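Please read it beside the sequence and coordinates shown here.

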Amino acid sequence: MLVAVLCICSALLLYTIAIWSERRRRKLIMWMIVVFCSGLLCDITGTTLMSLQPKTTGSLLHTYCGFTALGIMAVHLLWALAAYWRHSARAQWWFTRCSIYAWYIWLAAFMTGLPWHKLSP
C-alpha cells in the first residue's frame, strides 16, 4: 500500500508542476508534457496497486471520483499533445484556460481518498 500511496502523491506533485508551469508560461513546452505524462503513469500505477489491495472501508465516492479524474487526465494529456503539435495559438489558449479545471477535478478526487476520519482526535 505504501508504494501505491507514493505513486499517487508523486502524481499529485507531477501534475501540479506541469499544470502550473504551463499556466504561468501560457505555452506548452515538451518537458511539461513529459512531466504530465509521468504523472499520469504514476496515477495509473498507484490506482492499479490500490485496486489490488484487499477491500477495506474505501469510499464509493472516492472510487467514482478517482476513475473519473483518471479518465479526465488521460484525455487532458491527449489534448496537450494535440495542442502542442498543432502549434496553434488558439488551441494553446484553450488548453491553458481549461487545464486548471482538470487539475481541480483530479485534486478533488485526491482529497476524497485521504483518510480524514483518522485525522480527528
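Does Leu13 count as buried or exposed? With a relative accessibility of 53%, Leu13 counts as exposed, where exposed means over 50% relative accessible area, buried under 20% and partly exposed in between, using a 1.4 Å probe and protein chains only. The model is a predicted one, in which local features need pLDDT of at least 70 and side-chain atom pairs count only at pLDDT 80 or more, while totals for chains, interfaces and linings use all residues. Residues are numbered from 1 along each chain as its sequence is written, and side-chain values use heavy atoms, with hydrogens and water left out.

Leu13 is located in helix α1, residues 2–25; helices are DSSP runs of H or I with at least four residues, numbered from the N terminus.

Rings of Phe, Tyr and Trp (its six-membered ring) pair if their centres lie within 6.5 Å, with planes under 30 degrees apart called stacked, over 60 edge-to-face and the rest tilted. The count by this rule is 7 aromatic pairs, and two of them are tabulated below.

| Pair | Centre to centre | Angle between planes | Class |
|---|---|---|---|
| Tyr15 and Trp106 | 5.0 Å | 80 degrees | edge-to-face |
| Trp103 and Tyr104 | 5.4 Å | 55 degrees | tilted |

Tyr15 in helix α1 and Trp106 in helix α4 (residues 89–112) are 91 residues apart, and their pair links distant parts of the chain. Tyr15 is buried at 0% relative accessibility, and Trp106 is buried at 4%. Trp103 is buried at 9%, whereas Tyr104 is partly exposed at 42%. Ring pairs also link Tyr15 and Trp106 with Phe36 and Phe110 into a cluster.

Helix α3 (residues 60–86) has 27 residues and spans 39 Å from first to last C-alpha, close to the 39 Å expected at 1.5 Å a residue, that expectation being 1.5 Å times one less than the number of residues. Its buried residues include Leu70, Met73, His76 and Leu77. Their cover includes α1, α2 (30–51) and α4, through contacts defined as heavy atoms within 4.5 Å. Just after α3, His87 takes a positive phi of about 55 degrees.

Definitions and conventions
Helices (H or I, at least four residues) and strands (E, at least two) are DSSP runs, numbered from the N terminus.
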